[in-house]
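Please look over the sequence and the structure first.

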Amino acid sequence: MFAMSKTAANNPTMGRYIAFLRGINVGGHKPIKMDALAKAFASLGFQSVKTVLASGNVLFDAPRTSPGALTQRIEEKLEKTFGHPVGVTIRTVAEVQKLVKSDPFKGITVTPQTRLYVTFRRDKTSCGLKIPYESPEKDFQILNVSVGEVCCVLTLSPGPRLHN
């Protein structure tokens, strides 16, 4: 999925991270070009910077440090560069790979009306939600809440139950 970069593989002081940016390029609001975003990350000294489509997701290598320290540096740089605050959530590649390996949507029948969502929470404390949760209309489910993530299923047009 996310191959280890040569930089991170050859230098144990470097880590491979993914930055998930909030609220950019949605409906034409707060547009940020991906090449400008990559340049902003590179200007922070990050290496092997890659953006993912126009999603606001950025893969990069940086010296190993706390996600909070990285988040603060990135948010300050993005606000200065683009003129508005941009929320950032950081995960290591290993954390995302662990989530994928856990197969949080196992047992879900995917149709053209099905949307699978993972929301990465900056606050890595427990939510206190009773899980699994299903809306009264049965068109929305929260399947899993873990420390830092919420996995949900949305059905665009209600139909039979999603989970067996």
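## Two residues with positive phi

D103 sits in the loop that runs between α4 (93–101) and β5 (114–120). In this predicted model, D103 has a positive phi of about 50 degrees, although it is not a glycine. Most residues other than glycine have a negative phi. With a relative accessible area of 38%, D103 is partly exposed.

K138 also has a positive phi, near 60 degrees, and is likewise a residue other than glycine. Its place is the loop between β6 (133–134) and β7 (140–146). The relative accessibility of K138 is 36%, so K138 counts as partly exposed, since the class lies between 20% and 50%.

## A buried cysteine

C151 belongs to strand β8, which covers residues 149–155. Its relative accessible area is 1%, and C151 is therefore buried, the limit being under 20%.

Which residues does C151 touch, leaving aside its neighbours within four places in sequence? They are L99, P104, F105, Y117, V118, Q141, I142, L143 and N144.

## The packing of α2 and α3

Helix α2 spans residues 34–43 and helix α3 spans residues 67–82. They pack at an angle of about 130 degrees, and their axes are 10 Å apart. The crossing of α2 and α3 is right-handed.

On the α2 side, the contact is made by A36, L37, A40, F41 and S43. On the α3 side, I74, K77, L78, T81 and F82 take part. Sorted by class, the contact of α2 with α3 has 7 nonpolar, 2 polar and 1 charged residues.

## The chain as a whole

The chain has 4 helices and 8 strands. Read from the N terminus, the order of its elements is α-β-α-β-β-α-β-α-β-β-β-β.

The chain has 164 residues, of which 35% count as buried. Among contacts in the chain with a separation of 6 or more, 60% are between residues 24 or more positions apart. The accessible surface of the chain is about 9700 Å², and 57% of this surface belongs to carbon and sulfur atoms.

Notes
Residues are numbered from 1 along each chain as its sequence is written. This is a predicted model: local features need pLDDT of at least 70, side-chain atom pairs count only at pLDDT 80 or more; totals for chains, interfaces and linings use all residues. Side-chain values use heavy atoms; hydrogens and water are left out. Axes are lines fitted to C-alpha atoms, for helices over the stretch in contact, and angles run from 0 to 180 degrees between N-to-C directions. A crossing is left-handed if the near helix is turned anticlockwise from the far one by less than a right angle, and right-handed if clockwise. Contact means heavy atoms within 4.5 Å. Ala, Val, Leu, Ile, Met, Phe, Trp, Tyr, Cys and Pro count as nonpolar, Asp, Glu, Lys and Arg as charged, and the others, Gly among them, as polar. Buried means under 20% relative accessible area, exposed over 50%, partly exposed in between (1.4 Å probe, protein chains only). Accessible areas come from the Shrake-Rupley method with a 1.4 Å probe; for residues, only the protein chains shown count as cover.
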